[in-house]
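Please look over the sequence and the model shown here before reading on. The report below is meant to be read beside them.

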Amino acid sequence: MTRADDLTAIEPFLGTLLARLNPAQRRRLALKMGRHLRRENAARIARNVQPDGSAMEPRKRRAARKAGRVKNKGRMFPKIRKVQALRINASPDGVEVGFNNPLIARTAAVHQYGEVDYVGKKPDGSVIRTRYPARVLLGFGPADMDALMDLALDHLTA
């Protein structure tokens with residue numbers, strides 16, 4: 001899996017070229033890169049695929065409340081995967097893709113890092129908590145690295 005720190009591998013190659021751009025041009029390039037990452041991450045989340053290309057661990061089956069009813073047919077994160085839920089913060093120094101809504105951000109963090117979270121209450125009033133498996137929602141893989149490099153080169157040649 002490619003991590004955010006791996007973007008520093010691009011820096012020696014493009015660093016001097018990007019340093020010649022003015023801050024407005026660097027911000028514009030960061031915004032283009034952020035839009036690309038937002039689209040790719042939203043599409044991956046919709047396909048239940050992690051950035052490294054592996055499948056996300058499927059969610060556990062629950063007892064159906066209504067017989068014969070199948071909800072979402074195995075698709076997870078219906079609100080998280082919407083492009084509108086993903087926020088882009090671009091500056092001349094970098095770009096950040098995150099979530100707009102704090103509730104969506106909390107749910108995403110629980111799944112991203114495999115944390116324990118509240119699920120519900122038992123009939124006796126005690127709290128039910130469960131550990132969620134780590135499902136990497138936001139990140140970038142080798143294909144994203146190539147696309148970001150292409151975006152940067154296109155921006156520099158234009």
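## Basis of the report

This is a predicted model, in which local features need pLDDT of at least 70 and side-chain atom pairs count only at pLDDT 80 or more, while totals for chains, interfaces and linings use all residues. Residues are numbered from 1 along each chain as its sequence is written, and side-chain values use heavy atoms, with hydrogens and water left out.

Helices (H or I, at least four residues) and strands (E, at least two) are DSSP runs, numbered from the N terminus. Buried stands for under 20% relative accessible area and exposed for over 50%, with partly exposed in between (1.4 Å probe, protein chains only).

Helix α4 covers residues 142-157, and its 16 residues reach 23 Å from the first C-alpha to the last, close to the expected 22 Å, where the expected span is 1.5 Å times one less than the number of residues. The buried residues of α4 are D144, M145, A147, L148, A152 and H155. Seen down the helix axis, the buried residues of α4 fall within an arc of 165°, so they line one face; the arc is that of the directions from the helix axis to the C-beta atoms. An α-helix has 3.6 residues a turn, so residues three or four places apart point the same way. On the face of α4 turned away from the buried side lie the exposed residues P142, A143, D154 and T157.

## Salt bridges

Four salt bridges are found in a search of the whole structure, a salt bridge being a side-chain nitrogen of Lys or Arg within 4 Å of a carboxyl oxygen of Asp or Glu. One of them joins the side chains of D144 and R44 at 2.9 Å, N to O. This pair links distant parts of the chain, since D144 belongs to helix α4 and R44 to helix α2 (residues 23-47), 100 residues apart. Both D144 and R44 are buried.

R106 takes part in a salt bridge with E115, with the closest N and O atoms 2.9 Å apart, and in another with D117 at 3.8 Å, N to O. D117 lies in strand β3 (residues 116-121) and R106 in helix α3, 11 residues apart. Through shared partners, salt bridges join R106, E115 and D117 into one network. R106 counts as partly exposed because its relative accessibility is 40%, and E115 counts as partly exposed at 27%.

Strand β3 runs antiparallel to strand β4 (residues 127-131), and five bridges join them; two strands pair if DSSP finds at least two bridges between them. G120 has I128 in β4 as its bridge partner. The hairpin has five residues between the strands, and G125 takes a positive phi near 95° there.

The largest nonpolar core has 21 residues, of which F77, I80, L86, F99 and L137 touch the most other members. A nonpolar core is a set of buried Ala, Val, Leu, Ile, Met, Phe, Trp, Tyr and Cys residues joined through side-chain atoms within 4.5 Å. The largest share of this core, five residues, comes from α2.

Contact means heavy atoms within 4.5 Å, and, not counting residues up to four places away in sequence, F77 touches I45, M56, H111, R135 and L137. H111 is placed in helix α3 (residues 102-113) and counts as buried because its relative accessibility is 9%.
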